[in-house]
Amino acid sequence: MVEDLTHINADGDVHMVSVGSKQSTDRVAIAEAFVTMDDDLRTKVFAGDTRKGDVLATVRIAAIMAAKRTSELIPLCHPLSLSGISVDVEEIGTGARIEVRVETSGQTGVEMEAMTAASIAAVTMYDMVKSVSKGVTIGPIQLLHKSGGKSGEWNR
């Protein structure tokens, strides 16, 4: 229902939600993204044996940069002062699993920062390996956990 959409006002117009009266709390969000690739490419990525350089380091930096710039990329997101960002890239049988944890203490959550960071990390991995295989796929990208704020804790 339209009434449930916080970015739509009573007249049906899009607006940025005011968080000024919300209590400042510690907030955490964790998101993940999967990148599927063939076995040979996966081995090269995790061995650091690619022509473009260190794929995993580049993916981590891209995720951190994306989290910090989320409000510039996603309309209606508030700019946030982030207190922590961690990025883990794990080798799995089908390719890679990227997990991003974002933390802040503030009046709004960091779910979008975690989701944006995981998304950009996955796209960056694709960019780093596309010359070897254009058949790499991305997804799913999903929120795993959020805590803090009035709604409390949520886990997938």
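The following questions and answers go through a predicted model, element by element.

Residues are numbered from 1 along each chain as its sequence is written. Local features need pLDDT of at least 70 and side-chain atom pairs count only at pLDDT 80 or more, while totals for chains, interfaces and linings use all residues, and side-chain values use heavy atoms, with hydrogens and water left out.

Reader: How many bridges pair β1 with β3?

Author: Strands are DSSP runs of E with at least two residues, helices are runs of H or I with at least four, and both are numbered from the N terminus. Two strands pair if DSSP finds at least two bridges between them. In β3, A31 has V100 as its bridge partner. β1 and β3 are antiparallel, and the number of bridges is twelve.

Reader: Which residue of β4 stands opposite A29?

Author: β1 also pairs with β4 in the antiparallel sense, over eight bridges. Within β4, the residue opposite A29 is K146.

Reader: How many of the twelve residues of strand β1 are buried?

Author: Buried means under 20% relative accessible area, exposed over 50%, and partly exposed in between, with a 1.4 Å probe and protein chains only. Strand β1 (residues 25-36) is largely enclosed by the rest of the structure, because its buried residues number nine.

Reader: How many residues lie between β2 and β3 in their hairpin?

Author: β2 pairs with strand β3 (residues 95-106) in the antiparallel sense over ten bridges. Between the two strands of the hairpin, the number of residues is two.

Reader: What distance does helix α2 reach from its first C-alpha to its last?

Author: Helix α2 covers residues 55-68, which is 14 residues. The expected span of a helix is 1.5 Å times one less than its number of residues. For α2 the expected value is 20 Å, and the helix comes close to it, at 20 Å.

Reader: Why are the buried residues of α2 on the same side?

Author: The buried residues of α2 are V55, L56, V59, A62, A63, A66 and A67. The arc is taken from the directions from the helix axis to the C-beta atoms. These residues are on the same side of α2 because they cover an arc of only 130°.

Reader: Which exposed residues are carried by the face of α2 turned away from its buried side?

Author: The buried residues of α2 pack against α1 (39-47), α3, β2, β3 and α4 (111-129), where contact means heavy atoms within 4.5 Å. The face turned away from the buried side carries I61 and K68.

Reader: Which backbone oxygen does the side chain of T70 reach?

Author: T70 lies in helix α3, and at 0% relative accessibility it counts as buried. Leaving aside neighbours within four places in sequence, T70 is in contact with C77, M112, E113 and T116. A polar contact is a pair of N or O atoms within 3.5 Å; within protein, one must be able to donate a hydrogen and the other to accept it, and residues adjacent in sequence count only if both atoms are side-chain atoms. At 3.0 Å, the side chain of T70 reaches the backbone oxygen of A66.

Reader: How many residues apart in sequence are the parts tied together by R42 and E91?

Author: A salt bridge is a side-chain nitrogen of Lys or Arg within 4 Å of a carboxyl oxygen of Asp or Glu. R42 and E91 form one, with their closest N and O atoms 3.0 Å apart. R42 lies in helix α1 and E91 in strand β2, so the separation in sequence is 49 residues.

Reader: Is R42 buried or exposed?

Author: E91 is partly exposed, at 39% relative accessibility. R42 has a relative accessible area of 14%, so R42 is buried.

Reader: Which residues are linked in a network of salt bridges?

Author: The side chains of R97 and E90 meet in a salt bridge at 3.3 Å, N to O. R97 is buried, at 17% relative accessible area, whereas E90 is partly exposed, at 38%. The network consists of E32, E90, R97 and E99.

Reader: Which two residues does a cis peptide bond join?

Author: Most peptide bonds are trans. The cis bond has an omega of about 0°, and one of its residues, P140, is found in strand β4 (residues 137-147). The residues joined are G139 and P140.
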